[in-house]
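Please read the following briefing alongside the sequence and the structure shown here. The points are grouped by topic.

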Amino acid sequence: MTPASPIAQILEELDAGRIEARAHAVLAEPLHWFPVRHHSPAVARHVAQTIQARRPSIVFIEAPSDASELVPHIVDKKTKPPIALFSSYRDDDNTLGLAGIESPAPDVPFKVSVYYPLLSYSPEYVAMREAAALGARVVFIDLPYRARVKSATERGLQGAPEESGPRQPAPEEEVGPPHDDEHHVAEHHESQPGWEHLAVESSFYQKLADAAGYRSFDECWDALFDVSLRHSDTESFRRDLAYFCAAVRATTSRERMELDGTLLREAHMWSTITRTLSETRTPPEKAMVVCGGFHIFLEKSTEPGRALPPGTVYNSLAPYSYLRTSSDTGYGAGNRAPLYYERLFQHSESDPANAPVAAMVDHVVSVLARGRRDGELLSSADAISVTQHARMLANLRNRSAPILDDVRDALISCCCKGSPQQEGRYLLGAMKAVETGTAVGRVTPALGKLPLLYDFYKALDELDLGEYVTKDRKAKVVLKLQQAEDERRSIFFHRLAQIGIPFAKQLAVDKAGTLFTEEWEVSWTPKVEAALIEESIHGDSVESAALAKLDEELAQAAGSAGAVAERLLRAVNMDLPGMVLRLQASAGGAIDADTRLASLGQALTHLVVLERQAARRRLKKDLLDDLIERCFGRACFAMPNAANVPAEEFDEVVAGVKSLAEVLISEKGADLDRDLFIENARTTLADSKSQRLRGALSGVLTEIRAQSPEDLAADVARFAKALPEEMVQCGDYLSGVMETSKTALMLGADGIVHAIDELLRVASWDQFLMLLPRTRGAFDAVHERSRVSLGDRVAVMYGLKDDDAAAVTKLETSVGAAVKLSEIDARVGEIMKEWDFA
C-alpha cells in the first residue's frame with residue numbers, strides 16, 4: 001500500500017494485520033477478483049485494462065444470473081448507454097404468500113419489477129464490452145431479486161400459502177415494485193442498503209471521515225479513488241480498493257449482512273462461480289470476477305443456495321437516462337453527477353493524469369454557459385477564477401487533483417454574489433442540470449421487442465413523435481384536432497392513457513370551450529417501457545390493449561349507467577372499433593339495470609355529449625337518441641326513490657336533478673317527455689323531508705316554467721310562518737334553490753327578497769344565529785351578477801331610488817343581518833364607554 005495513504009493511517013487503529021492479511025489472501029487467489037463501485041469511472045478504466053492484460057476466458061459479473069443471455073444485446077454496437085436491464089416477476093401460484101399482502105387483493109398475484117442501470121462508464125458494462133472484444137464468456141452471478149423477497153412466512157405475516165398447495169393463478173394487476181439495493185432499482189418502496197450504505201455505517205469509515213474531513217461518502221470515494229492520482233498502476237489501485245473494502249467488511253456485523261440479504265446473495269454468487277468453472281473445466285486463473293468490493297470477501301459456502309420461486313419472469317433491456325440514474329431521484333447506488341463523471345471517464349481513457357482538470361474545465365464552462373442562459377451575469381473571467389479556486393481548494397484539502405466537491409465550492413465562492421438559495425438560485429440550478437445531463441440511451445433493434453413495444457415505437461415514428469424519447473424531459477404539445485395528423489396523435493395519446501402508459505398526460509381542454517384543441521404534457525422515462533411490458537398481457541398493439549382494458553372496465557362497471565357512459569365517452573376519443581355495439585350493449589344494459597338517480601343523471605350528461613360528437617366520431621345518432629330517451633325516462637322514475645336519501649348522498653342526488661333539468665331546457669329537451677319529469681319532480685318534492693333537495697326541485701320546476709317565480713317566493717315566505725325548528729332550515733332550502741335556479745331566481749327576485757326580509761324580521765335572536773350561516777352560504781354560492789341584482793332589489797326596497805340602484809355594486813350581508821349588526825355595534829359602544837383606556 002502507498003505509505004501516504006490515509007487508509008493505512010486508520011488501519012493502524014484497527015486490527016490492521018488481520019484486515020491486510022484477509023485482503024492479501026483474496027488478491028493472491030488464482031481466481032482474479034476485481035472490487036468495484038457501481039458507476040465509478042476510475043474502476044471502469046482499471047477493469048478494462050485488467051481484462052485487456054489478463055485475457056480471461058470467463059468474466060463473472062454481478063448481475064442477475066437468469067439474464068446472461070442479454071449480454072450480446074448489451075454490447076451490440078447499436079446499443080447506446082445509458083440503458084437498464086429490466087426484470088419483472090409475477091408470483092402466479094402465490095408461492096411467497098404475498099397475494100393480498102403486497103398486492104391489492106388475495107386473488108391478485110404479487111408482482112415486482114427491478115432495473116439494473118448501466119452507463120457507458122459502469123464497470124460492469126465496460127467488463128462486458130472488453131470481454132466481448134476478446135471473445136470471452138460473460139456469466140452473471142447475482143441472485144435474482146425475486147429470490148430475495150421475503151415470503152409471508154418469513155415475515156411472520158398472515159396469508160402465507162397453506163401446505164395443501166399453492167393458490168390458483170389470478171388475473172394480473174400491477175403492483176408498485178419495491179426498491180432494490182445497490183445498482184438494482186425499483187420504485188415506490190424504500191431502498192435496502194447496499195455496500196456503500198454499509199460503508200458509511202462502519203466504524204472504519206467514520207474514523208476515516210473524521211481524520212480526513214470528508215463531508216460525504218462521495219467526497220471520500222472521489223478523493224481516494226475516482227479522482228486520485230496516487231495509484232501508479234492498476235494493481236496498486238486494486239490493492240488499495242481491496243484494503244478499503246476489507247476494512248469496511250471487518251467493521252460490519254454479520255447480523256447486518258443477514259438482514260439486508262448480502263449473505264444470501266453471496267452464497268448464490270459463489271455457487272454460480274464454482275458450478276460454471278466445473279462445468280466448463282476452466283481453471284480459476286483463466287477467470288475473473290467483477291463485483292461489488294464488499295462481496296470479494298464472500299463466504300465460500302458449499303451449502304445449497306436459495307431456490308428461485310416459480311412464476312412468470314421477463315428479462316429485457318430498456319433505454320434509461322442520466323436523470324433516472326442520478327442519486328437525486330432516490331436511486332440507492334445512484335451517481336450524483338452522471339454527466340460530470342462521463343467527462344472524467346472520457347478524458348481518463350486518453351490522458352489519465354490530466355483527466356480531473358480537463359473534466360473540471362469542460363464542466364465549469366458548461367455551467368457558466370447554462371447560468372448565463374438562465375439570467376446569471378457570468379463571464380470567461382469567472383471560468384478562470386473558478387478553476388484556479390478549485391485547484392487551491394484541492395491543495396488545501398490535501399487532494400492530488402480537484403474533485404467535484406472542490407468544483408462546486410469554487411463555483412459558489414466565485415460566482416454567487418449573495419445567498420446561494422436566493423441570489424444564487426439560477427447558478428445552483430445550472431450546476432445541477434449540467435452535473436446530471438439529459439442523455440437517454442437506446443437498445444439495439446436486434447433484441448427484438450414485445451409486439452406492444454414494437455407498435456408503440458412504430459407509432460412514434462409514424463406520428464413524428466420520436467424527438468420526445470431522445471431526452472428525459474417534459475414537453476408541452478398542443479394539438480389542433482381539425483388537422484388530420486394532430487387528430488391521429490390525439491387518438492394515440494388517449495389510447496396510451498387508457499392502458500396506463502405514462503408517456504402523455506392531458507393538461508386541459510381548449511379555453512374557448514370547443515372540442516378542437518387539446519394540450520398534452522409528453523415525456524419519456526424508463527417507466528414507459530416497463531408499463532408497456534406489463535400491459536402486454538392486454539394486447540399486441542396499443543389499439544388492441546386499449547380495447548381490452550375498456551372491455552374490462554365496462555364489465556366491472558356494468559351496474560352503473562354513469563360509469564359505463566363515462567368510459568364510453570372517453571373511448572370515443574380513442575377511435576376504437578366496435579363502439580356502436582358497445583354503446584348498444586353496455587350503455588343500454590346499464591341504463592336498464594340502474595335505478596340510482598345520481599348515476600342515471602351522470603349517464604344522461606355523458607350521452608348528450610356523445611351525441612354532439614356523433615357525426616365527427618361516426619356514431620349512429622338514432623342509437624344515441626334512443627339511449628338518451630331511455631336514460632331520461634329511467635332517471636325521472638328514479639327521482640321519487642331519492643326523496644329521502646342519507647345526507648351524504650344529497651350532493652349526488654342534486655347533481656342528478658340538475659343534469660335532468662339542464663338537458664330538458666337544452667335543444668335536446670324538445671325530444672324528451674317534459675311532463676314525465678314534472679310529475680316525478682313534484683312527487684319527490686312532496687315526499688322529501690330534505691329542505692335542500694326540496695329547494696333544488698322547486699328551483700328546477702321554476703327554471704323550466706312548471707311553476708312561477710311567485711310560487712317559489714311563496715315557498716320561501718312560508719318559512720316565516722313555520723314552526724321554529726322548520727324556520728331555521730330556510731338556509732338549506734335557499735341553497736338548493738340557488739344550486740339549480742338561474743334565470744328563475746332573477747325573475748322572482750323581488751318576491752324572494754321580501755320573503756327573506758320577512759323571515760329575518762320575525763326570527764328571534766337564537767333563530768337568527770342559526771339561520772345566518774346557511775343563508776349567507778346560499779347567497780355566496782350565487783353568481784356575482786345575481787348577487788348584485790339581488791342587492792339592488794334590497795336597496796330599492798329600503799328606499800334607494802331606481803336611478804341610484806346601479807351604483808350599488810355589492811351587498812355584504814342581508815338587510816335583516818345588517819339591522820342586527822347595527823344593534824350589536826350600538827351595544828358594544830355602550831359597553832366601551834365604561835372601559836378605562838388610561
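The chain has 37 helices and ten strands, where helices (H or I, at least four residues) and strands (E, at least two) are DSSP runs numbered from the N terminus. This is a predicted model, in which local features need pLDDT of at least 70 and side-chain atom pairs count only at pLDDT 80 or more, while totals for chains, interfaces and linings use all residues. Residues are numbered from 1 along each chain as its sequence is written, and side-chain values use heavy atoms, with hydrogens and water left out.

**The chain overall**

- Of the 838 residues of the chain, 54% count as buried, meaning under 20% relative accessible area, as against exposed at over 50% and partly exposed in between (1.4 Å probe, protein chains only).
- Among contacts (heavy atoms within 4.5 Å) between residues at least 6 apart in sequence, 77% join residues at least 24 apart.
- The accessible surface, from the Shrake-Rupley method with a 1.4 Å probe, comes to about 37200 Å², and 52% of it belongs to carbon and sulfur atoms.

- D142 lies in strand 5 (residues 137-142) and counts as buried because its relative accessibility is 0%.
- The side chain of D142 makes a polar contact with the side chain of R265 (2.8 Å), a polar contact being a pair of N or O atoms within 3.5 Å; within protein, one must be able to donate a hydrogen and the other to accept it, and residues adjacent in sequence count only if both atoms are side-chain atoms.

**Helix 19**

- In helix 19, L452, L453, F456, Y457, A459 and L460 are buried.
- Seen down the axis of helix 19, these buried residues fall within an arc of 155 degrees, so they line one face of the helix; the arc is that of the directions from the helix axis to the C-beta atoms.
- On the other side of helix 19, Y454 and D461 are exposed.
- The cover over the buried residues of helix 19 includes strand 7 (312-319), helix 20 (484-498), helix 21 (526-534) and helix 22 (542-556).
- Helix 19 is followed by D464, whose phi is positive, near 55 degrees.
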